[in-house]
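Dear colleague,

I am handing over a structure that you have not seen before, and below it you will find what came out of a first look. Please read the notes with the structure open beside them.

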Amino acid sequence: MRKINLDLTDKSYDIKIGNNIIDLSNVEKFVSNKEVLIVFDSAISGSRIMQFKEMISKSILKLELIEIDANENNKSQETLSEIYSILVENKFSRDCLIIGMGGGIVCDIAGFSAATYQRGVNFLLIPTTLLAQVDASVGGKTAINHPKGKNMIGAFHQPIGVIADISFLKTLPEREISCGLSEMIKHGLINDINYFCWLEENIEQVLRLEPEAIEEAISRSVEIKTFFVKEDEKEANIRALLNFGHTFGHAIELIGGFKDYNHGEAVAIGMILALELSERIGNISKQDCTRVRDLIDKAKIDTKIKNPINSVDLYKGMMGDKKKRGNVLNLVVLEDLGKAKVSSEIDESVILEILNSSL
């Protein structure tokens, strides 16, 4: 088992990564004498939920559960209200604990319910998808969607711990593994060329979930994510670099009705667009773009456009992104492989040119 500490002074916590690490020794200190609500993904097998319930039952004061069909349309005010109702009706106090067990959607909505119930309670995350283990569970971004934008209603609220058990990954379809690999590739592109090169050499082993390779890949991605969060917890500066590909990607998800693409696929398409933009403004070479595309292909991430996308509509969707400043669209571009920057100086006509030629 590996342990990575995210040092945020009084809000510091550990991210534990390993195989079959959901045991009482790693959980008891969080749940002891607590009222516990487990928010879990319906994709998790009932036997694993039952095992977890039985494991903590002697340590807790009270236990409630809510099962979520984890899709973007359910990452909503309605689902949030259902969680609040359980907490209020069962008289959960401010000393309670919310546990999010599932993928990124569950991590986000469990975290946001914790951020807002009685002005903030503790939460523990047990991410069960690769995407959640390398991204959504780390850093305290919590949110729900609005019909006109992804993650538009949220708060920064750090968990008290993260337990990333790679045994959950064995039940995932390959498409979900590839979804997580999209964020891993992003981490290498924006911060660590050596990690990007390592992924180029080891992508097949990671896809096969070979224990040594997948644990190394998750750990390195988490280290990169924690570096940015420690330096800039609330995304006032360099943490914005983690949005590479996301301004394009979130707009693609929205236009696709959150059905045509999963998050990793939309981000991969967004990264390709951001790469082409980076090349267009003279930062990277065509060979660099080809190299990244080759890795995305080897990771088996589907980047095909499912239905025609109008470039003007996509640009309008991007302008609704929460990361813009006033009327200025901030885009993360590469200065080189392994080094990124935020640019607010790219003309609309250049962005539309990239969209028209690529989509």
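Predicted model: local features only at pLDDT ≥ 70, side-chain atom pairs only at ≥ 80, totals over all residues.

In what follows, a residue counts as buried when its relative accessible area is under 20%, as exposed when that area is over 50%, and as partly exposed in between.

The loop around Gln118

Gln118 belongs to the loop that runs between helix H4 (104-116) and strand S6 (122-127), and its phi is near 50 degrees, a positive value in a residue other than glycine. Arg119 is found in that loop between H4 and S6 as well, and it too is a residue with a positive phi, of about 65 degrees, although it is not a glycine. With a relative accessible area of 79%, Arg119 is exposed, because that value is over 50%.

Two residues that touch this region

As a guide to distances in the model, Phe92 and Glu279 are separated by 187 residues in sequence and by 53 Å in space, taken from C-alpha to C-alpha.

His157 sits in the loop between strand S8 (149-156) and strand S9 (161-165). A polar atom of the His157 side chain lies 2.8 Å from the backbone oxygen of Val121. Not counting residues up to four places away in sequence, His157 touches Gly111, Ala114, Ala115, Gly120, Val121, Phe123, Gly140 and Thr142.

Ser278 has its place in helix H10 (residues 263-280), and at 0% relative accessibility it counts as buried. What does the side chain of Ser278 reach? On one hand it reaches the backbone oxygen of Ala274 at 2.7 Å, and on the other the backbone nitrogen of Leu334 at 2.9 Å. With residues up to four places away in sequence not counted, Ser278 touches Asn283, Ile284, Val333 and Leu334.

H10 also packs against helix H11 (residues 286-298), the two axes coming within 9 Å and crossing at roughly 170 degrees. Because that angle is over 145 degrees, H10 is roughly antiparallel to H11. On the H10 side the contact is made by Ala268, Met271, Ile272, Leu275, Glu276 and Glu279, and on the H11 side by Lys286, Cys289, Val292, Arg293 and Ile296. Sorted by class, the residues of this contact between H10 and H11 are seven nonpolar, no polar and four charged.

Two further helix pairs

Helix H6 (residues 174-191) and helix H7 (residues 193-207) have axes that come within 8 Å and cross at roughly 165 degrees, which means that H6 is roughly antiparallel to H7. The crossing in which H6 passes H7 is right-handed. From H6, Glu174, Ile177, Ser178, Leu181, Met184, Ile185, His187, Gly188, Leu189 and Asn191 meet Ile193, Tyr195, Phe196, Leu199, Ile203, Val206 and Leu207 of H7. The contact of H6 with H7 has, by class, 12 nonpolar, four polar and one charged residues.

How do the axes of helix H12 (residues 311-319) and helix H13 (residues 348-358) cross? They come within 9 Å of each other and cross at roughly 125 degrees, so H12 is oblique to H13. The crossing of H12 and H13 is right-handed. Ser311, Val312, Leu314, Tyr315 and Met318 are the residues of H12 that meet Glu348, Ile351, Leu352, Leu355 and Asn356 in H13. By class, this contact of H12 with H13 has seven nonpolar, two polar and one charged residues.

Note on methods
Residues numbered from 1 in each chain as written. Heavy atoms only, no water. Axes fitted to C-alpha atoms, helices over the stretch in contact; angles between N-to-C directions. Helix = DSSP H or I, 4+ residues; strand = E, 2+ residues; numbered from the N terminus. Parallel < 35°, antiparallel > 145°, perpendicular 65-115°, else oblique. Left-handed = near helix turned anticlockwise from the far one by under 90°. Contact = heavy atoms within 4.5 Å. Nonpolar A, V, L, I, M, F, W, Y, C, P; charged D, E, K, R; others polar. Polar contact = N/O pair within 3.5 Å; in protein donor to acceptor, adjacent residues only side chain to side chain. Buried < 20%, exposed > 50% of the residue type's maximum accessible area, 1.4 Å probe, protein only.
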